[in-house]
Amino acid sequence: MRVKRFKKSGKPPEASAKGHQNKSTRRMRKIKISSGAYIAPSFLGVLAFFILPFLVVIYYSLVDNPISGNFVFLDNFTSIMGNTAFRRAVHNTFMFSAVAVPLAVVLSLLLAIVLEAKLPFRSQFRTFFLSPMMVPVASIVLIWQVLFHYNGAVNEVLVALGGDKIDWVKSDYGLVVIIILFLWKNLGYNMILFMAALASIPKDILEVAELESARPLQTFFYIKIRYLSSTLLFVAIMSLINSFKIFREVYLLTTDYPYDSIYTLQHFMNNKFKSLDYQTLSAAAILMSLVMIVIIGVLFIAENRFGKDVEG
Amino acid sequence: MKPTKKRTIRRRLLAMALAAATAFSLAACGNSSGGETEKKEWVWVPEFVTIEDETVSYYDMQLVGDALCYQSYDYDEETGESTQSICKYALADGSITKTPLSYAEEKNWNLNRVAFAQDGSMYGVTNVYNEDYTKSETFLCKFDADGKQIFAEDMTDLVADSYTDSIAIDGDGRVYVTGEANIWLFDADGNKRGTVALGSDVNWIRSMGRGKDGKMYICYYGSNGSTTLCDIDFDGNKTGNTYENFLSGNNNKLVAGIEKDFLTQDGSRVYEYDLKSQTSTELFSWLDSDINGSNVQGFWGLEDGRILAVTTDYETDENGIALLTKTKASEVPQKETILIGSLYGDSNIQSAAVKFNKSNDKYHISIREYLNYNDYDGDDYQAFMTDGINRLNNDITSNNCPDILDLSGLNIKQLATKGVFEDLNGYLEKSGKLSREDFLANVLEAYTVDGKLVSIPYSFQMSTVVGKGSEVGTEMGWTLEELIAYADAHPDALLFDNKTKDAIMMTLMAYNADYFIDWSTGECRFDSEEFKDILNFANRFPEEYDWEKEDVSTPNKIQKGQVLLYEENIYDFNELQMCNEIFQGDASYIGYPTMDGSVGCMLSASQAYAITSKSGHKDGAWEFIEGFLTKEENPDRGFSSFGFPTMKGKLNAMAADAVEVKYYTDENGELYYDENGEPIPMGGGGGISYGDGWSYEYRIPTQEEVDLALSLMEIAKPVSYSQGDEVLNIINEEAAPFYKGQKSVDEVASVIQSRIKIYVGENK
């Protein structure tokens, strides 16, 4: 019978395998501990600046006020649902997002497609559309006031054409002004994203489609849109987020209590913060985040459905 | 070692270093900036000393070496002569030496500003008047240590029409005299050495004094509102280097520092200013040393490191000096700190806190001010206020909430509905010193929110509208319609003097904003015809008032029939007699117009403090408030606060004192008699006069006038801006284009309706 000899330890093969396994487990544990230690500062930061504040918001939404802290369960949610100002704000925010976000996506896509073609002065047009992104908020407000103030340039033109002056910001036209402001500010960025996405569509597939006598619209809807699906999702989400940021410009134009057509959720929450009404503010924020989660979830599902066959 | 293994080790070391850096930076986030609640390493322990000299003048004391020098005035009744003396109070043993001044010539000398030199001599700016006081000359005089006048240098031409503000002596004995934006320079013998004219960029010189380096410095206000410190180049007849960030809240003296260049104070805290870094470092708070910073007349650093402060108290006549010694906090008995949060931190609250701290062994009051005027650059006061209120709100909602809040400037209803305040009803019931019945009911009602009594103010004043009885009627109260009809009936006269569109809107909305708002349903009626009538009425008034063109006084205009109504602020029992005089006996206190015709007499309370529900020292806080409300008033000074007391007992005493006829007496209490052998009654005290010659001297009020004031107190109520002035702000903002003729009243009313409806919807 031949006995296998082991040079180093002299242990039989089974014992060596067990030892090897123990060594492996210890090594894995060590790796996990050291990884945890390296991640800990970032995790603590995320905990301190994202997770804990979110938990605090939930706490505030369930108490009567931040001073006494008496638990009232869902009373704050019930109360703001019945608040006329909150309902008005939700309506305005929804209307704005429902109009501005699709417009931002569609118009920027169209612009990207146009600029993708070999037009003269293409880069100058691109710079023209990108430049509003670099303008500071205060300057934007100044420009808009010059244009849309009651005594501004647009009304001067209207009067010159024989019309009456319109108080753009303090009337039902306020929403139109804000949508134009939003589009002016965000089209450039979205356009750049789409242009990059369009450039990354494989040329050979487009050539094959051309060879197969596909019409341009068919190429666009059956090939390009599929490849653009993830970018569409990204642009839609970013536009939705940016649509909330329009509050900055609106606030500078109109202060705390604007005309009711441009009174948004952010006004409501900002005013509630100023008046120490943290419980109502938190309840409104949670309701808004729930709606956002649903919307973004729907967008993800849509992207998943339309874009899955082109993903790697 | 293999290269990959080396790379791995290097990567791990770098990652560990970055992780450590992140961890340390997170640890730094734990710092709190709560000032008064922080444990201090050093405290300045006071020793109070009273100077036993009734003639001492605490306002012009100067520290010279180890003595306090001042002037005193003595009157000899037998000879009828008054004597001025240089007095020296030795800090070492408290002895006082008095050296009478003797002038070289017999003239009508009036010593104005003085400065004491190290050798005991005194320099002074003196005015000499002619017999009928129509002309004066100005001299720079010097008196030696024996009080003998050495010289009188004529500086009448130098001074011209200016006033002399201060005089100081530098380390070389050279004399500096300031007046408006000029500094006049003299050598030790009084010879003129030049003038430093600061130019039109300087408004006035606030203070002058020697720094720790012995050089002379001035602190002046610039025309742009800035405060600048600079040194004076005597030989060059000009100013030298300028220094930034010098405290604008400094009192009127520049004081050499102990460790750094200057000691400064802003009425609350003491700082040291360093010329090199141009920064101030806080040394201590006056309150922590049981001193009311508002009462500090002068302070200096002594050579032994102590600080000497001269303090006066007008209320209690407790005047004297405090010697402050720097001591380790651990060596001083500790008390529990009760923190008062105040936007403004005025003298009354400091005075109350000092009294409490001196008499209480368990608690110590500290004050946290949220508006630091040392940081205010003169621009955008609204942003400065908003910042202070935001910081207060942050403290309220965090664990940094003060125990007591000073309610002036705060939105009381907003804070009360958030449960910020403790209900004082329970404390009143348990109190052995106070009860609800001790206070005016409508004042307590004004500070009751949702059944909770949030505060008991100490004083209040009223405001009402007065008209001619034969025209507006003698019954109090009228409607807005009646006011407009009255104005329409007198188209050639102004309804009010000095009223702009915004101001009249405020007057009209004082009690009527809530008429257009239904807070329960959130409905508003600012698009109604009634409100449009108000807008149209307000539009009749001027946009701005030209104060420069003011040549005829309001009382004169009323008596000539050019103005119909007078807005009267009533803060003592004398005010009503002036209205009677203006309307020549036909005054009717009709009040602000209301929609329903009820009386609109405005009540505004002050010195209101509330205990916060988050306080950990509620009993101590109540002890402070109770003591403050029951404080004894000085019978010789009358009511110490501005306005009327809210306590019925004090109010009744004030009313009785107001009608009491007092007679002039001498220092022994003996009556003076006139040529008819009648005792000479004292007047009501003071008077008022205007540039056009209209004047009135107050007499002792009649019982009818006092009763009328008391009856107004019973019906006075706070304004209906129940949610702050946001409603009024929106109205004024949106009405502006209508006033300018750019928009119609319908358009403007519609926008106001929309915006206020949002506001009401949010807050109902």
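This is a short tour of a predicted model, stop by stop.

**Stop 1: two helices in chain A**

Select residues 84–116 of chain A, which form helix α3.

Now show the side chains at the contact. On α3(A), pick A:F96, A:S97, A:A100, A:V101, A:A104, A:V105 and A:S108. On α9(A), pick A:L232, A:V235, A:A236, A:S239, A:L240 and A:S243. Which classes do you find in this contact: nonpolar, polar or charged? There are 9 nonpolar and 4 polar residues, and no charged ones.

**Stop 2: where chain A touches chain B**

Show both chains. Here 24 residues of chain A are in contact with 26 residues of chain B. Which elements of chain A give two or more residues to its side? They are α1 (13–61), α3 and α11 (265–274). Colour the chain A side by class: 14 residues are nonpolar, 6 are polar and 4 are charged.

**Stop 3: two domains in chain B**

In chain B, select 45–331 for domain 1. Then select 347–458 + 607–631 for domain 2. The C-alpha centres of these two domains of chain B lie 37 Å apart. Look at where they touch: 14 residues of domain 1 are in contact with 13 residues of domain 2. On the domain 1 side, 3 of the residues are nonpolar, 7 are polar and 4 are charged.

Methods. Residues numbered from 1 in each chain as written. Chains lettered and ligands numbered in written order. Predicted model: local features only at pLDDT ≥ 70, side-chain atom pairs only at ≥ 80, totals over all residues. Axes fitted to C-alpha atoms, helices over the stretch in contact; angles between N-to-C directions. Helix = DSSP H or I, 4+ residues; strand = E, 2+ residues; numbered from the N terminus. Contact = placed C-beta atoms within 7 Å. Nonpolar A, V, L, I, M, F, W, Y, C, P; charged D, E, K, R; others polar. Domains from an automatic or database assignment.
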